[in-house]
Amino acid sequence: MPDDRTFSVRRGTEEDLDALMALRAAVAGEGVWIGAELPLDEEGDRRRLRPGRPGTATFVAVADGQDRAEDELIGNRGIELAPYGVAHLGMVVADGWRGRGVGRTLLAAAIEWAREAGAHKLELQCWPHNDAARRLYEGMGFVQEGYLRRHYPRKTGELWDAVVMGLVLNEETPGSSLH
């Protein structure tokens, strides 16, 4: 359980990849918050999550230690901008750090990056049972745009639903005239 340490958010770097993978494995091991399940596809995830890939940004939250060497990676927000201008988001926050502003701070950094990168919209999916995440996203302006019923197969054999949420960044450009 974390103490009263503060945290900071910065851009992720190649040097963060091992800590990113460890955090992903820890959250995946809980079995309820993210789509990934154990055992992870270590090689594929490293390739896909590597910071610095073109059209992507990685933001990390670190619990501040006595010095930089003691900083602990406690959160990660990945964002990928599709060629058609929609940015897809994914996030993990360490157990014990949820509800302390980590997700909100990571999300704010990703929204700013998306605006600067020219995205006209952000989209994400979350589990219907993740009430805290849904409140966070709604509080930052996201709205539910869809519901995927019995969509994701889990290793337990269950089929999980997902909520599709979006945040429109560009309201000025005309929408489709073909209604």
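Reader: Which residues of α2 are buried?
Author: Happy to start there, with a word on the source: this is a predicted model, in which local features need pLDDT of at least 70, side-chain atom pairs count only at pLDDT 80 or more, and totals for chains, interfaces and linings use all residues. Residues are numbered from 1 along each chain as its sequence is written, and side-chain values use heavy atoms, leaving out hydrogens and water. Buried means under 20% relative accessible area, exposed over 50% and partly exposed in between, with a 1.4 Å probe and protein chains only. By that rule, the buried residues of α2 are G44, D45 and L49.

Reader: What do the buried residues of α2 pack against?
Author: Contact here means heavy atoms within 4.5 Å. Helices (H or I, at least four residues) and strands (E, at least two) are DSSP runs numbered from the N terminus. The partners of these buried residues are α1 and β2 (56–63).

Reader: At what angle do α1 and α2 pack?
Author: Axes are lines fitted to C-alpha atoms, for helices over the stretch in contact, and angles between N-to-C directions run from 0 to 180 degrees. Helix α1 spans residues 17–30 and helix α2 residues 42–49, with their axes 11 Å apart, and the angle is about 120°.

Reader: Is that oblique or roughly perpendicular?
Author: Under 35 degrees counts as roughly parallel, over 145 as roughly antiparallel, 65 to 115 as roughly perpendicular and the rest as oblique. The packing angle is about 120°. Therefore α1 is, relative to α2, oblique.

Reader: Is T58 buried or exposed?
Author: T58 sits in strand β2. Leaving aside neighbours within four places in sequence, its contacts include L20, L49 and P51. With a relative accessible area of 8%, T58 is buried.

Reader: Which residues does a cis peptide bond join?
Author: Most peptide bonds are trans. P39, in the loop between α1 and α2, takes part in a cis bond with omega of about -5°. The residues joined are L38 and P39.

Reader: What is the phi of R150?
Author: R150 belongs to strand β6 (residues 143–153) and is partly exposed, at 49% relative accessibility. Although R150 is not a glycine, its phi is positive, at about 50°.
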